[in-house]
There are 2 protein chains.
Amino acid sequence: MKLSTEPYKGVRDFYPHDKQIQTYIFNMWREVVEQYGYVEYDASVLEPRELYEAKSGEDIVNHETYSFTDRGNRNVTLRPEMTPTVARMIAQRQREIVFPARWYSIPNLFRYERPQRGRLREHWQLNVDLFGDESLTADKEIISIGFNILTRFGVNPEQFEIRINDRRIVQSAFAELGLDEETSYALQKLIDKKDKISDFAEKAEALLGKPFEYNPEPNQEIVEIIKQLKKDGISNVYYDPTLMRGFDYYTGIVFEFFDKHPDNNRSLFGGGRYDNLLDIFESKRISAVGFGAGDVGIQHVLETYKLIPHLQRSTIGICALTIDDIPKTESLATEMRKNGCNVAINTSLKKPSTLLNWSEKSDNRFTLFIGETERMNSVITIRENIKKKSITLPESELISWLKKA
Amino acid sequence: MKLSTEPYKGVRDFYPHDKQIQTYIFNMWREVVEQYGYVEYDASVLEPRELYEAKSGEDIVNHETYSFTDRGNRNVTLRPEMTPTVARMIAQRQREIVFPARWYSIPNLFRYERPQRGRLREHWQLNVDLFGDESLTADKEIISIGFNILTRFGVNPEQFEIRINDRRIVQSAFAELGLDEETSYALQKLIDKKDKISDFAEKAEALLGKPFEYNPEPNQEIVEIIKQLKKDGISNVYYDPTLMRGFDYYTGIVFEFFDKHPDNNRSLFGGGRYDNLLDIFESKRISAVGFGAGDVGIQHVLETYKLIPHLQRSTIGICALTIDDIPKTESLATEMRKNGCNVAINTSLKKPSTLLNWSEKSDNRFTLFIGETERMNSVITIRENIKKKSITLPESELISWLKKA
């Protein structure tokens, strides 16, 4: 029986053009975060399962992650998020690392999603974290980086907004209501879905046994950070006390970047401050603030606003027309490579139209044919594939012409 | 109980300096293969288990890979090699892809190694494959790329050798002996270990029931490819009929790059031609030749020959000395970033020696302190961390000075 050529359910194959788009996104991410002095780290996708149980609870780990037992009886999980990993790494070398430490990574993450929901089981995510700076300057920097990433991709600040809240505001509002942990959690989830359900008020009343009013004032930190961001030219930032964020480890400011497009009104990415996460290890207290931005969300935005540029390859396709042309074709390819060109050679000796089709479909920028004319007269004809235009040059001018192009 | 900060058994954490070395290796790989016109692809680390059973056998998949059953009862494997994946992808789009197609990827791969052997369970591997070219030119290109990778890293051609064989030579030699499949396989494994065992002749005789002589002549392809490689300046290539390579899918030329260092005499990487692998799918026959080179082997060579350069970061650390200096520190950071600099800011207001230690240990190239002198006199003092030297400039000259540096 023949094997299927399909990938595993819920994951993606990246054909060269898909990979080119992904590389474009990753490079832009890297460029922006490195401008703020962030350095890249990485780790394995395999992590001990305990790392997630500590903060997410055993039930979530069992049902929403890829977890299995290895033959040495170790419980292993394919990481569903990067924050516990980076916290583990920082905790391990807390004595050597100098703070503030700015770290980023672009890991792939796994979630066990039910296939019928059509959601992906693997995605990539930019993780940016600033450790050891408790001040509001750190929160401001992290939010500025998110803003800069979107605008550098070409998204207009009018097309998105930044919603900001503080976990401490939510906690004091809930404390005033005197809720037990379970009701508090249920209410938090309910507020998180506020915009998506029509009967919020009824549901909240049913939960609390009394009408629920929730419009807490912003605290000093929220007022100050919004003021500072506006001073830096980031004015699409709004206080939103209903912003909850899912992870249990947030302790202060939380934020989300929201796409305002009518067809795509949704959270793009978000993050916040988590000053206590390193407590799960034998570690001194190290404050942290950061965010994670997924590749799928970003790519969707870029497609919505038609912001993915034409990603042209620089490769030159060089084709021999007859068997006698192969040596010259090979030596020219070698010479061009020595001069920094990317050159794909074709010595299949197929007919010119087939060779041209190969060069165009391979996404080569230029096509060079080496035949009798070229050999006899020491000239080269260069075809620019996209423009469908050719020029003929003396062979001696080829390299300098390519360098200019 | 506090959690361990150790990674999962047999995998590596990449702290920023480790990641920097890995990035250096990956970038060099990319640079060389792209000069030959190869384009990058990728896929998920999760693959259906059948993909490996077809050619490796169920037993090997069960014992040497990470395999598990998902909740939808699918058998999943963490890919132990990339070739079956790329074959699957090529087979899936065989009608759209134009050949010859040059593809590369740098996937992470998993092997279930027994921990006590101290071997890694996860590594990264450059995979370079040329599809749809049956000619010797393709084999030659693939071997040339391997050669160029090593020499571009700075390895001298006298420090390594390329061993080359052809599966068809082995097959005809074995066919003459009239061996059954099992004995043939055992003999192949024995020859593969020839250099490592002292009693090869006795073991081979025990296996065959008669003395074993094995010195087959090279075939025409081997003679020709060695000749052509030498013509291209690759002269450290030798015919070695005992070169076996592990994978069952090779059908023609196989090769290995071998480190000649007395303390590290071992295979660095290798590959070969596999013209039938796509037969496991519903596919037309597509010829293929390629190799896989692991990160661990390459890094080991670079360390052995002291070829890892000092990887300096370009980041500028800028520190405010007092609370009054923060606005200027921030605005200078913004200005430098706008001019393409990577700038890490420190507004912790710690004492200068602590700030300098932070900047040096963070691997910043330069340190700038913003204090009263700088504010009052519009001057900037730039310290080059490695040289431990400072110069003072008018603030207006900062950007142009940095651009020159």
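Of the interface residues of chain A, 100% are also interface residues in chain B, so the copies meet through the same surface. The model is predicted: local features need pLDDT of at least 70, side-chain atom pairs count only at pLDDT 80 or more, and totals for chains, interfaces and linings use all residues. Residues are numbered from 1 along each chain as its sequence is written, chains are lettered from A and ligands numbered from 1 in the order in which they are written, and side-chain values use heavy atoms, with hydrogens and water left out.

Two copies of a chain are related by a rotation about an axis and a shift along it.

Chain A gives 84 residues to the contact, and chain B gives 84 residues. Contact means heavy atoms within 4.5 Å. About 7300 Å² is buried between chain A and chain B, with 55% of that area from carbon and sulfur atoms. In chain A, the residues that lose the most area to chain B are A:Leu3, A:Tyr15 and A:Arg71, together 10% of what that side buries. Buried area is the accessible area (1.4 Å probe) that two parts lose on being put together, summed over both.

Polar and charged pairs also cross the interface. The rule finds 39 residue pairs in polar contact between chain A and chain B, both residues at pLDDT 80 or more. A polar contact is a pair of N or O atoms within 3.5 Å; within protein, one must be able to donate a hydrogen and the other to accept it, and residues adjacent in sequence count only if both atoms are side-chain atoms. Eight salt bridges are found across the interface of chain A and chain B. A salt bridge is a side-chain nitrogen of Lys or Arg within 4 Å of a carboxyl oxygen of Asp or Glu. A:Glu330 forms one with B:Lys140, with the closest N and O atoms 3.2 Å apart. Helix 1 (residues 16–35) of chain A supplies five residues, the largest share of the side of chain A that touches chain B. Helices (H or I, at least four residues) and strands (E, at least two) are DSSP runs, numbered from the N terminus. The side of chain A that touches chain B divides into 37 nonpolar, 19 polar and 28 charged residues. Ala, Val, Leu, Ile, Met, Phe, Trp, Tyr, Cys and Pro count as nonpolar, Asp, Glu, Lys and Arg as charged, and the others, Gly among them, as polar.

Two residues illustrate the interchain contacts. B:Asp13 is in the segment before helix 1 (16–35) of chain B. B:Asp13 is buried, at 13% relative accessibility. Buried means under 20% relative accessible area, exposed over 50%, partly exposed in between (1.4 Å probe, protein chains only). The side chain of B:Asp13 makes a polar contact with that of A:Arg88 (2.8 Å). Beyond residues up to four places away in sequence, B:Asp13 touches residues including A:Asp42, A:Ala43, A:Met89 and A:Gln92. A:Glu50 lies in helix 2 (residues 50–56) of chain A. A:Glu50 is partly exposed, at 38% relative accessibility. Leaving aside neighbours within four places in sequence, A:Glu50 is in contact with A:Asn75 and B:Leu3.

Over all chains, the count comes to 56 salt bridges. A:Arg365 and A:Glu384 meet through their side chains in one of these (3.6 Å, N to O). A:Arg365 lies in the loop between helix 12 (352–361) and strand 15 (366–370) of chain A and A:Glu384 in strand 16 (residues 379–384) of chain A, so the pair ties together parts 19 residues apart in sequence. A:Glu384 is buried, with a relative accessible area of 15%. In chain B, the side chains of B:Asp325 and B:Arg375 form a salt bridge (2.5 Å, N to O). B:Asp325 is buried at 0% relative accessibility, whereas B:Arg375 is partly exposed at 27%. A network of salt bridges links A:Glu134, A:Asp139, A:Arg273, A:Asp275 and A:Arg285.
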